[in-house]
Amino acid sequence: DCVADTAVGLLIDVLRQFSAADRYLRAGRWPVEGNYPLTRQVSQSRVGIVGLGRIGAAIATRLAAFGCSISYHNRRPVADSAFTYVESPVELARQVDVLIVAAAGGGETRNLIDRSVVDALGADGYLVNIARGTVVDETALCDALEAGIIAGAALDVFEHEPDIPERLTRLDNVV
């Protein structure tokens, strides 16, 4: 439950940009530059989950309460799931606003979320990773964030913890 709660909290933060808005205010920019720009709505978002195990299902249940449409990719479809199964992570990323990574770590899933998946999210898409840092190709993610290929990312894990790439810490569209 705590990991599912973290995923939802990170999703809300990166879409609503609470952390970035807080930094904006603390830096004294509000009186000088004006109001912080409007941000994305969480409710009614299209959410894809890679890994619909116990944690992925708990995330889906929470986000369904926000009126989000939920689809997922797994090694195989989950019997009796109320959510829509999608054949590949790339196709799932093409169909959603937010891609949440909740897959198990290990050699089988190393870089499962590669450049093709990240690129498929598109300029309005967000990535949330609460799985393992090795599941996401961190270099491809950094490249996409810096180039504006995706809108943002919320990360609870990193490939080489506790070493976090400086490229990620410099970006306001990353939580």
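Q: Is Glu 146 buried, exposed or partly exposed?
A: Glu 146 counts as partly exposed, at 38% relative accessibility. Buried means under 20% relative accessible area, exposed means over 50%, and partly exposed is in between, using a 1.4 Å probe and protein chains only.

Q: Where do these numbers come from?
A: This is a predicted model, where local features need pLDDT of at least 70 and side-chain atom pairs count only at pLDDT 80 or more, while totals for chains, interfaces and linings use all residues. Residues are numbered from 1 along each chain as its sequence is written, and side-chain values use heavy atoms, with hydrogens and water left out.

Q: OK, which residue forms a salt bridge with Glu 146?
A: Arg 170 does, with the closest N and O atoms 3.6 Å apart. A salt bridge here is a side-chain nitrogen of Lys or Arg within 4 Å of a carboxyl oxygen of Asp or Glu.

Q: Which residues are in a salt-bridge network?
A: Arg 115, Asp 143, Glu 146, Glu 166, Arg 167 and Arg 170 are linked in one.

Q: How many salt bridges does the structure hold?
A: It holds 15. One of them joins Asp 97 to Arg 46, with the closest N and O atoms 2.8 Å apart. That pair links distant parts of the chain, 51 residues apart: Asp 97 is in the loop between α5 (89-95) and β4 (98-101), and Arg 46 is in strand β1.

Q: Switching to strands: what joins β1 to β2?
A: Five bridges join β1 (residues 46-50) to β2, and the two run parallel. Strands pair if DSSP finds at least two bridges between them. Arg 46 turns up again here, with Ser 69 as its bridge partner in β2.

Q: Why is β2 largely enclosed?
A: Four of the five residues of β2 (residues 69-73) are buried, so the rest of the structure largely encloses the strand. Tyr 72 counts as buried, at 1% relative accessibility.

Q: How many aromatic pairs are there?
A: The count is two. Rings of Phe, Tyr and Trp (its six-membered ring) pair if their centres lie within 6.5 Å; planes under 30 degrees apart are stacked, over 60 edge-to-face, and the rest tilted. Tyr 24 and Tyr 36 have ring centres 5.2 Å apart and planes at 75°, so that pair is edge-to-face.
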